[in-house]
Amino acid sequence: MFSTQKISLAKVAAKAFITPLTVRTFASSAARNVSINLHKGSFESYNCDAPSLDVEISKDELVRMYKSMVTMRRMEMASDGLYKAKLIRGFCHLCTGQEAVAVGMETALTAEDNIITAYRCHGFTYMRGASITSILAELLGRKAGISGGKGGSMHMFTPNFFGGNGIVGAQVPLGAGIAFAQKYKGHKAATFSLYGDGASNQGQVFEAYNMAKLWELPAVFVCENNRYGMGTAANRSSANTSYFKRGDYIPGLRVNGMDVLAVHQAVAYAKEWTVSGKGPLLLEMETYRYGGHSMSDPGTTYRTREEIQHMRSNNDPITGLKQRLLEFNIITEDEMKAIDKAARVEVDQAVEEAKASGEPDISEFWTQIYQKGSGVPTARGREPEEFHHY
Amino acid sequence: MSPMLKKAITVSIPSVRQALARSNPVLANALLAKRTYNSKGGVEMTVRDALNSALEEEMTADEKVYLLGEEVGQYNGAYKVSKGLLDKFGPKRVIDTPITESGFCGLAVGSAFAGLKPVCEFMTWNFAMQAIDQIVNSAAKTHYMSGGNVNCPITFRGPNGAAAGVAAQHSQCFAAWYGSVPGLKVVSPWNSEDAKGLLKAAIRDPNPVVVLENELMYGISFPMSEAALSKDFVIEIGKAKIEKEGTDVTIVAHSRSVGFALEAAMLLEKEGICSAEVINLRSIRPLDTETIIKSVKKTNRLVTVEGGWPQYGVGSEICAQIMESEAFDHLDAPVVRVTGADVPTPYAQNLEAFAFPDTDVIARVVKRTLNKKIGA
């Protein structure tokens, strides 16, 4: 039989991440029969209703979320190490601390939905089906990389994930275009276009909002507000930091982006909203990155170490989910440790596989400039003798 | 056309032709067109109608092809190129956009990533500067950066280069800029056959293609061959056309300049000065260097003509490639470029006349190059 237990919200300590809840479980672990109550402050809405604070989810999904976040963090930590060992070159933007956004989104979406984001994309690439090996190999510039080693950190794609984009803000109209294609083809699915607090002021973002609303595209715009656009705090870049309201004629939702279940709930809500024909919606995920903007940024010249530490200690998405899983007996401490260990092993193995992969063949220098078979007859190298004939 | 006018055109009186060109550039162009060496055919079509046919045929053939841009729908096109398409295909496939080039170009590129075949119209290519990031960084480079995982079968089109009296911000030629980008194909049609065949090829091409039309050519009629009227007529991108064969000098041009080059060639022939071979580039990228080299080996002299600015332009590229090729040994004189002047286009008509090359300028330069001999 099931038991119910309600705790007054007032009794929740201000810093506590976990909220009281009602837990009912049936025999099947795959059925969405776990009911978790989110903290009242999880959502703030603008011109729409907030989603329900009651999350209906399955044990399997919860465990998968945990596993995904742990693995993602391991992967990013491994990337950090590889960059410091000079095996990764150029740009490398890690999502450590922001795992809840990519993971919470994935559980609420299907393979028919599309996602596009900017350069902080490794986590999304993983959630959208890429193997860890292919991501790490791409960072290392190897043949086994998901883009054949030709793109690097910022240019990773899967069939329903459109990158990985290097030009701040450009991905937002692209995302509106992907949503446009979905509507054009009659697909009942949505496209989620992510951008940061820094990108939110780009003119083309508003151009995308306008067309999405005018043409009622199944587009959800997601501002991943991690409080800093590179080294510039949100309130130093934006006259209006209520990013979820910046859509003006597009309703919006502000979400606790450090809580994977809140993210899941908001994304499910947004998908339903947009696919049911209500047009676009704006989500603002309040999140935080522990690392700097990129590997070239220590991340401490424009914010305090105390702030970073505070977020790690009190708002960590993995710790938060962990506490929930334990408190509601979803899995045991030992099972959790096993997952942690397995993730470490998986990532370590992927690192070895990625390192073992060779650099791309020199012939790949000349390929994929144009579609195979439809290209130009020659390509010039650095000097007249360095000529490639197709 | 009155006999006197006809005579005025055939006679080598620069002042008469200049006067006509200045008073009525459209008519001057029309007369030019009638005297060109086009494929034989009984039907005549304006460049505008040829483009319209191309769009209609490709939209009929493939559901994934759609057109978007400012005023393409209810207005029937700022220059009427898309006339009737909204009525025929409906608002799902012919889309009037807000005046937001950066946004709607990005949207079009994104839709191409997701499997559609957009035709993205810029009212003029000048306005595409607001969208150039999406054209170059999103459309051109993504197939390569993704290791072949992402495709972008998009066509960008619109009028490029000089119009009449529209001054500096509305008269720039972008052939050289887009022509330098790996990942893009760039075409520049001159006459109606070019317009139809190249636009159809561009739409069918799975790569991003830039189509540089010319507003002053839209209203000009040209004969269309039987083949060109077919709904499967495409012109191979990357192949130039020899519009007129000759033996003494090669003139290479693209877009509107082809007409002036042909007129100059005929003038010089009539005056008994030389027999010029005129090549219509048709494609800026890939550039058909092979055809140019072959011609130079035959004629030993080369003059390039374009409407764009001289520095770092199409002519500059041709010069460099010819110099680096076997054609260098066949040159009896240095290659010369005829280009737009290195100034922002002025408004006053007498000043504007100095901004872009015409028949007389080309003829003068060709004569000069014929008088040069290496070592002399």
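# Close-up views

**View 1. Strand β4 of chain B and its two partners.** In β4(B), B:Lys117 is the bridge partner of B:Val65. This is a predicted model, where local features need pLDDT of at least 70 and side-chain atom pairs pLDDT 80 or more, while totals for chains, interfaces and linings use all residues. Residues count from 1 along each chain as written, chains are lettered from A and ligands numbered from 1 in written order, and side-chain values use heavy atoms, without hydrogens or water. Strand β2 (residues 65–69) of chain B runs parallel to β4(B), with 4 bridges joining them (strands pair if DSSP finds at least two bridges). Strand β5 (residues 155–159) of chain B also pairs with β4(B) in the parallel sense, over 3 bridges, and B:Val119 has B:Thr155 as its bridge partner there. Since 4 of the 5 residues of β4(B) (117–121) are buried, this strand is largely enclosed by the rest of the structure. (Buried is under 20% relative accessible area, exposed over 50%, partly exposed in between, using a 1.4 Å probe on protein chains only.) Helices (H or I, at least four residues) and strands (E, at least two) are DSSP runs numbered from the N terminus.

**View 2. An open sheet in chain B.** Here 5 strands line up in the order β9-β11-β10-β13-β14 (chain B), with mixed pairing. At the edges you find β9 (241–244) and β14 (336–338) of chain B, each pairing on one side only. Neighbouring strands of this sheet are turned by 25° against each other on average, ignoring direction. Look at β9(B) and β11 (residues 276–280) of chain B: they run antiparallel and share 3 bridges. B:Lys244 stands opposite B:Val278 in β11(B). Helix α13 (residues 289–299) of chain B lies across β9, β10 (249–253), β11 and β13 (302–305) of chain B, at about 175° to β11(B). (Axes are lines fitted to C-alpha atoms, for helices over the stretch in contact, and angles run from 0 to 180 degrees between N-to-C directions; contact means heavy atoms within 4.5 Å.)

View 3. Helix α6 (residues 203–214) of chain A reaches 17 Å from its first C-alpha to its last, close to the 16 Å expected (1.5 Å times one less than the number of residues). Its buried residues include A:Val205, A:Tyr209 and A:Met211. The buried residues of α6(A) pack against α5 (171–185), β5 (191–196), β6 (219–225) and β10 of chain A, together with α6 (101–113) and α7 (132–140) of chain B. After α6(A) comes A:Glu216, with a positive phi near 50°. Over in chain B, helix α16 (residues 359–370) should span 16 Å, and its end C-alpha atoms are 16 Å apart, so the two agree. Among the buried residues of α16(B) are B:Ile362, B:Val366 and B:Leu370.

View 4. The whole structure holds 19 aromatic pairs over all chains. One of them, A:Tyr269 with A:Trp273, is tilted, with 6.1 Å centre to centre and 40° between the planes. (Rings of Phe, Tyr and Trp, using its six-membered ring, pair if their centres lie within 6.5 Å; planes under 30 degrees apart are stacked, over 60 edge-to-face, the rest tilted.) A:Tyr269 and A:Trp273 sit 4 residues apart in helix α8 (residues 260–278) of chain A, about one turn of the helix. A:Trp273 counts as buried because its relative accessibility is 11%. A:Tyr288 and A:Tyr290 make a tilted pair too, at 6.4 Å and 50°, and both are buried. In chain B, one aromatic cluster includes B:Phe104, B:Trp125 and B:Tyr178.

**View 5. Charges over rings.** The charged end of A:Lys278 sits over the ring of A:Trp273, 4.9 Å from its centre (NZ of Lys or CZ of Arg must be within 6 Å of the ring centre and within 35 degrees of the ring normal). The charged end of B:Lys92 sits over the ring of A:Tyr184, 4.4 Å from its centre.

**View 6. Two threonines of chain A.** A:Thr125 belongs to helix α3 (residues 122–127) of chain A and is buried, with a relative accessible area of 0%. Leaving out residues up to four places away in sequence, A:Thr125 touches A:Ala130, A:Ile135, A:Ile146, A:Met156, A:Thr158 and A:Phe161. A:Thr300 is in the loop between β10 (281–286) and α9 (305–315) of chain A, and counts as partly exposed because its relative accessibility is 24%. Apart from neighbours within four places in sequence, A:Thr300 is in contact with A:Arg305 and A:Ile308.
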